[in-house]
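Me: I would like to go through this model by asking what stands behind each label. Please set every value against its cut-off.

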Number of protein chains: 4
Amino acid sequence: MKRAKPTQFRVKYSHCDQMGLVYHVNHLEYFEWARSDWLRQNLRSYAEIEAEGYYLVMTEANLKYLKPAHYEDILEVSVKPIYWGNSRIDFDYSIMRIDDNANICIGVTRHCFTNKGGKPISMPSDLKQLLTSKPSEC
Amino acid sequence: MKRAKPTQFRVKYSHCDQMGLVYHVNHLEYFEWARSDWLRQNLRSYAEIEAEGYYLVMTEANLKYLKPAHYEDILEVSVKPIYWGNSRIDFDYSIMRIDDNANICIGVTRHCFTNKGGKPISMPSDLKQLLTSKPSEC
Amino acid sequence: MKRAKPTQFRVKYSHCDQMGLVYHVNHLEYFEWARSDWLRQNLRSYAEIEAEGYYLVMTEANLKYLKPAHYEDILEVSVKPIYWGNSRIDFDYSIMRIDDNANICIGVTRHCFTNKGGKPISMPSDLKQLLTSKPSEC
Amino acid sequence: MKRAKPTQFRVKYSHCDQMGLVYHVNHLEYFEWARSDWLRQNLRSYAEIEAEGYYLVMTEANLKYLKPAHYEDILEVSVKPIYWGNSRIDFDYSIMRIDDNANICIGVTRHCFTNKGGKPISMPSDLKQLLTSKPSEC
């Protein structure tokens, strides 16, 4: 498992609320942007995984908001898997502002692989293999 | 403190993802819809509170997703304050589907009152009074 | 075809931008909330229509923003079909603020019924029948 | 006025609806991503312009949806100003998919510069100057 290149983007106008801060719901969406990038870089795109019949359903999300972010800030989201079972996987995230290295938000999400009908199933075998291979630097 | 009338709404098309489920980020937004309704019913609108110079900034969010919700489901969100300090307040939420009483999602959010500059300040005194009054059925 | 009860809702915090106005993208989403309500009241829910294999794809949208709306405003969206062909249908919208009867936004959207593969198909026959029946007050 | 580098991004999961297509509201948001990039590349960030007291309010939007886009598509949005007056400016957009050069969506938006109170005001003088300078290739 290689260390994925962190996701970087500039905060959109639509992501800011009338306090002039990134609206708190978007941080949870930013986590997904990073999770998608991690999957694409380490395995294949989630679009392909879904087409194979695996649905990665979120079962839990925990976020701590540390500092506010603003319109036009360049943010970087790091992500890594921290725990997994047969059908379950947990990811850990950190959102940082590039300009001043400020820690904006940290969090953890828990997911379960299901089939289209919503029944838990084993994760794709190559993902399992990737996770259990000795991580060089994940 | 009276028990606020729970927030009810029909799931929008835009809230569903390509799995055909309510996209997990929206549950956190639904929490806010209920929190706003609670404030308006128990105190006054958050718009007025913000105009008075109080900003209710989110510092933590925790969600557990129990069952998927779908387009056109009628959902009900209940909310109540469960802990508070001088400038801090925690809310507890439950999202239920009206049709079959299914528990869709539960969660807790933590907030801090700040001034416009982001400095923690004491919450509005009438909110403090409301919270510390003997709750009849909150 | 009966006159559908207009869609009413309170503007959400998440819908406002850092100018303190409803962000312009949301008006287009509000149109859909009204279109969904119109379908449900006049025919059946779009969820059912989609389950029958009809996809109502947007091909054109035109919006005029007349007055800004703000957080906690109660808005009402009216909608009516104004033109239709075999697979095509145009809707006309008006967003009004309840409090002062201000006209917030007007617009028109054009849609095409397609099958799941994206090929244009005839609209559901009962919708066609509804549209061509003498409108009492649409 | 230089030709701005077009905005490129990968379609997010949250932008797709249960038809598996980019939900039509997002195209209007994509226009803004490109408009912001154009301003930053040609003048300065809209954040700074807003801090100087200029608000760029949308007064009209017109979109034509030509082909559907999907999750993980890499899209490119081009934008250029096509008409302007004292306080008004129109932008023209085109969204293209990188992979197959498919034209996804075209559109035009009209804006008015206002002060914080919503009154129309002249646009920043350096923007006026930029627009009226002989465009090399805008």
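Predicted model: local features only at pLDDT ≥ 70, side-chain atom pairs only at ≥ 80, totals over all residues.

Me: What is the secondary structure of chain A, and which pattern does chain A follow along the sequence?

Reply: Chain A has 3 helices and 5 strands. Read along the sequence, the pattern is β-α-α-β-β-β-β-α.

Me: What share of chain A is buried, and how much accessible surface does chain A have?

Reply: Buried residues make up 54% of the 138 residues in chain A. The cut-off for buried is under 20% relative accessible area. The accessible surface of chain A is about 5900 Å². Carbon and sulfur atoms hold 48% of that surface.

Me: What share of the contacts in chain A joins residues at least 24 apart?

Reply: The share is 66%, counted among contacts between residues at least 6 apart in sequence. A contact here needs heavy atoms within 4.5 Å.

Me: Why is A:Leu130 called buried?

Reply: A:Leu130 has a relative accessibility of 13%. Buried means under 20%. The value falls under that limit, so A:Leu130 counts as buried. A:Leu130 sits in helix α3, residues 125-132 of chain A. From A:Leu130 to A:Tyr65 there are 65 residues in sequence and 31 Å in space, C-alpha to C-alpha.

Me: Is B:Glu72 buried or exposed, and what is its phi?

Reply: B:Glu72 is buried, because its relative accessibility is 10% and the limit is under 20%. Phi of B:Glu72 is near 80°, a positive value in a residue other than glycine. B:Glu72 lies in the loop between β2 (55-65) and β3 (74-84) of chain B.

Me: Why does D:Asn101 count as exposed?

Reply: Exposed means over 50% relative accessible area. D:Asn101 has 51%, so D:Asn101 counts as exposed. D:Asn101 is in the loop between β4 (88-97) and β5 of chain D. Phi of D:Asn101 is positive too, about 55°, although D:Asn101 is not a glycine.

Me: What makes D:Arg10 partly exposed?

Reply: The relative accessible area of D:Arg10 is 27%.

Me: Where does D:Arg10 lie, and what is D:Arg10 in contact with?

Reply: D:Arg10 lies in strand β1, residues 7-10 of chain D. Leaving aside neighbours within four places in sequence, D:Arg10 is in contact with A:Arg40, D:Glu72, D:Asp73 and D:Ile74. D:Arg10 and D:Leu75 are 65 residues apart along the chain, with their C-alpha atoms separated by 6.2 Å.

Me: How many cavities are there, and what lines the largest cavity?

Reply: The count is 3 cavities of 30 Å³ or more. The largest cavity has a volume of about 660 Å³. Of the 32 residues that line the largest cavity, the closest to its centre are A:Glu29, B:Glu29, C:Asn26, C:Glu29 and D:Glu29. Helix α1 (24-42) of chain A, chain B, chain C and chain D each supplies at least two lining residues. By class, the lining has 13 nonpolar, 12 polar and 7 charged residues.

Me: Which element gives the most to the lining of the second largest cavity?

Reply: α1(B) gives the most, with 5 residues. The second largest cavity holds about 70 Å³ of space. Its lining includes B:Trp33, B:Arg40, C:Arg10 and C:Tyr71. The classes are 4 nonpolar, 1 polar and 6 charged residues.

Me: What is the volume of the second largest pocket, and which residues are closest to its centre?

Reply: The volume of the second largest pocket is about 1100 Å³. Of its 45 lining residues, the closest to the centre are A:Tyr13, C:Asp17, C:Met19, C:Leu21 and D:Tyr55. β2(D) gives the most to the lining, with 5 residues. By class, the lining has 22 nonpolar, 15 polar and 8 charged residues.

Technical notes
Residues numbered from 1 in each chain as written. Chains lettered and ligands numbered in written order. Heavy atoms only, no water. 1 Å grid on protein atoms, 1.4 Å probe; cavity = no way out; pocket = protein on both sides within 12 Å on 5 of 7 lines; lining within 4 Å. Points joined across faces, edges and corners; volume = space filled by probe spheres on them. Helix = DSSP H or I, 4+ residues; strand = E, 2+ residues; numbered from the N terminus. Nonpolar A, V, L, I, M, F, W, Y, C, P; charged D, E, K, R; others polar. Buried < 20%, exposed > 50% of the residue type's maximum accessible area, 1.4 Å probe, protein only. Areas by Shrake-Rupley, 256 points an atom, 1.4 Å probe, with all protein chains shown as cover.
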